[in-house]
Amino acid sequence: MGRCPTRKVKKRRLSHKTARRDKFEVKGDDLVYTELRKPETEKKPLQLDEDLPGMGQFYCLHCDRYFSNVSVRDDHFKTKKHKKRVKIMNGQAPHTQLDADLAAGMGMPDNGPKLMAA
């Protein structure tokens, strides 16, 4: 009798908590879409922020991510994930909370046409 052969090496698994935390810190698709649709005159220049990577100067608006320098940001622009995100943001407008409420039947009531005018 011995140990089970699959228990020889303990597998190290990454924590799923960081991925879930990052999911909620990112802007929603509808907010990014409206930000992209603003004219150039309304967009504000990036301010210096010591808490963000690269002092907050290297930013991808489509993905809502900050980068440490220009080369890392340019490498990000070549990735499949970024290209997919750009394609989504250039397409139809993403769903909003109002769309979800209307689909669930929580929008304005439609009582039909009025039969008799008072």
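Predicted model: local features only at pLDDT ≥ 70, side-chain atom pairs only at ≥ 80, totals over all residues.
Local features need pLDDT of at least 70, side-chain atom pairs count only at pLDDT 80 or more, and totals for chains, interfaces and linings use all residues. Residues are numbered from 1 along each chain as its sequence is written, and side-chain values use heavy atoms, without hydrogens and water.

**Exercise 1.** Find how helix H2 and helix H4 pack, and which residues meet.

*Solution.* 
1. Locate the helices, which are DSSP runs (H or I, at least four residues) numbered from the N terminus. H2 covers residues 29–37 and H4 covers residues 80–90.
2. Take the axes, lines fitted to C-alpha atoms over the stretch in contact; angles run from 0 to 180 degrees between N-to-C directions. The axes lie 10 Å apart, at an angle of about 75 degrees. So H2 is roughly perpendicular to H4 (65 to 115 degrees).
3. List the contacts (heavy atoms within 4.5 Å). Asp29, Val32, Tyr33, Leu36 and Arg37 of H2 meet Arg85, Met89 and Asn90 of H4.

**Exercise 2.** Describe residues 60–82.

*Solution.* 
1. Check the record: UniProt, in an unreviewed entry, places "domain: C2H2-type" here, at residues 60–82.
2. Read the chain: 48% is helix and 17% is strand (E, at least two residues).
3. Compare the ends: their C-alpha atoms are 9 Å apart.

Terms used: UniProt positions renumbered as here; feature names shortened; annotations may be inferred. Parallel < 35°, antiparallel > 145°, perpendicular 65-115°, else oblique.
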